[in-house]
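Please keep the sequence and the model in view while reading.

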Amino acid sequence: MIHVNDEMKQFHLTNGKISYIFHVMKNGQLGHLYMGRALHKEGDYSHFQAYDNPAPYSTHVFEDDPSFSLETVRQEFPVHGKGDFREPASIIVDDQGEFISDFVFKSFEVVEGKPELDGLPAAFGDKGSVQTLKVSLLDLTANVGVDLYYSIFADLPIITRSVRVVNKGERSVKIERLMSLTFDLPDADYEMLHLSGAWGRERHIRKRKLEQGLQSIGSIRGSSSHHHNPFLVLKREETTEHQGESIGVQFIYSGNFLAQAEVDHYETTRVSMGIHPTGFQWKLEPADSFQAPESVLSFTKEGLNGLSHSLHDFQRHHLINQKWMERERPVLINNWEATYFNFNEEKLDQFIDEAKDLGVELFVLDDGWFGNRNDDTTSLGDWYVDRSKLPNGIGELAKKVKASGLQFGLWFEPEMVSPESELIKKHPEWVIGSVARSNTLGRNQRVLDLANPEVVHYLYEKISAIIEESDLDYIKWDMNRNITEPYARSVRNQGEFFHRYMLGVYDLYERLTTNYPHLLFESCAGGGGRFDLGMMYYAPQAWTSDDTDAVERLKIQYGTSLGYPLSTMGSHVSAVPNHQTLRSTPLKFRGDVAYFGTFGYELDPSQLKQEEREEIKQQIKFFTKHRSLIQQGKFYRLKSPFIDSETAWMVVNEDRKKALIGWYQPKNMPNPPGNRVLKLKGLDESLIYKVNGHEMQLRYGDELMERGLALPVEFNGANHQAQRAGDCQSIIFELRSD
Ligand code: DGJ
């Protein structure tokens, strides 16, 4: 997969699906040649570099060769201060205060498999399925080395990249900026897509045309954030869901990030992704090294849905814990929206019995079971049970849950501490915050210094004691505020704080997942504030959003699917009127939306009417019947809630004999057009599918994809039934070919 042309100093990573080609330029720096659909592995592609393009007044590297200017060449690891005026991959300051670097090629090495990254989540793969190229560069003056790692995965149009900086000199240097990925595209004829929003409306798809200058997304909140997801797509204007070019970059990281496209005055585009340089500065003493997080790059000509398939497959086989990929995720019920902080043992006993009767498999006790926590002002950090609510302790509650045949899960917010808590009194030095200034609260809480190994150790001990006492099956790991006054006493150079904090979070996750491998983690950050590949490496599912309103969820889940598979999206049915939007939607509609994720409930079963109870039992039966299809299948987006008045999507299993289709109409349509059909995707055109088990409805795959699946009569034509159906209609179709 990795082909090196020694003579031409050219590196070509290809697996028949993607080609990524770069070379050593005249000045020893790396130049980018190509990224796209696979090209012949034997080819020499050095002519892709536009050397002979002297621009008037441009800088030139060699006195006697004005044709070679860093302003006009396309680069792979662009440096600062040597004549390229676009944003660089790195800024490294030497002990004289010089911001100038010049990284030139030194050596390379090809290794089978995928090396791990020190202390960081990263993609994995065995020797037969991944190859890694390590290219070593050196700044001869500063004596600083840079190792670039490129891994290519058999059968996937995916390349991962990461960077390590090594101080080989005798004096310290400071890294001010270090992008994990940079490459220059030859044109700027792209639209940029990203997933942005806010709490309660995370990961809406945004689109803009690339223009000269910088267009970027990022976070400096200490988490990847609700607001921008560490994921950027560049697509051609003509690219649709199902055909055309698109490029996707993702970051295996959960902290501050920057992702950007810079279009220069010659309409070339530099794509960069890495730790956000704002507030970042890493000091490297002699012999020290710094490992930047890994980034993921994908290219497809099969449209946005094709891009999603590559990313989903990559995550499923090379990032998510394989045990959890294979194991069916439990249907859960979470008491948060049912009780908030207001529960006791008696209430929970009843809750558990009723949940069991509904067919739920896992009971999750959310916030409020510890310390003295009756609202969100106290007790974070005091991880022992609140005996006034649970007089017999958490172990006894767990026994009852297990005796009823359910699994047991608990909520933690390990990274936080309440100003009113025992922990803060005992260890004020463990709290992040300014010494001289006032400190900002967020949800009435402060942030613990996870950069401090003592804090990580304390949390590990506290959490593992509860895991053992209650024989836990599941943990929901929440994180409910952004980080302000980022000053930690444990850190010498404060520019290192944010990244060291993330390393502490990952360390805690690593210890817990290693020592309790049976535990299922669901990550959460006030809903979907840390829905990223860093978290996904440890927690195979994430609470997609605090917004459980099914109409809003159409957008949130649809947008999320652009970058992440269904098996990662926590999606629950909650009570109506919905607590976030006050909207009432039919139970059927709520279930039909929530099926497409890791399914569960977020309501009080004792408040259900008998017919709702029966309907929920049926929903759970239906979901568990199709669970492996939903978790493992290929997801196709059919109609977008961002464009159409309807939403539709479907999931198809590997042998294409089973499919499940969801169609949703949030607003009723008067006098709808006749013959409404939904064109399906991903089926086998020569197979005959039975629709919803009806012997009379047998349809060939080609008909279903070319002409479409007809919507039932009540949604077609000037039909009075359609008017009566009201808002929030949905249909789930099952296709089966025996
Ligand atoms: C925010 C989460 O997203 C909710 O689901 C819930 O766990 C609350 N925190 C509890 O405080």
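Pro577 is located in the loop between strand 29 (569–574) and helix 11 (587–594); helices (H or I, at least four residues) and strands (E, at least two) are DSSP runs, numbered from the N terminus. The peptide bond between Val576 and Pro577 is cis, with omega about -5°.

The model is a predicted one, in which local features need pLDDT of at least 70 and side-chain atom pairs count only at pLDDT 80 or more, while totals for chains, interfaces and linings use all residues. Residues are numbered from 1 along each chain as its sequence is written, and side-chain values use heavy atoms, with hydrogens and water left out.

Most residues other than glycine have a negative phi, and most peptide bonds are trans. Glu485, in the loop between strand 26 (474–477) and helix 8 (497–515), has a positive phi near 40°. Glu267 likewise is not a glycine and has a positive phi, of about 60°. Glu267 lies in the turn of a hairpin formed by strand 16 and strand 17, with 5 residues between them. Because its relative accessibility is 40%, Glu267 counts as partly exposed (buried means under 20% relative accessible area, exposed over 50%, partly exposed in between; 1.4 Å probe, protein chains only).

Strand 16 (residues 257–263) is largely enclosed by the rest of the structure, because 7 of its 7 residues are buried. Phe257, Ala259, Ala261 and Val263 are buried on one side, and Leu258, Gln260 and Glu262 on the other. Strand 16 pairs antiparallel with strand 13 (residues 213–219) over 7 bridges, pairing being assigned if DSSP finds at least two bridges between two strands. Here Glu262 is the bridge partner of Leu214. Another 7 bridges join strand 16 to strand 17 (residues 269–275), also antiparallel, and Ala261 stands opposite Val271.
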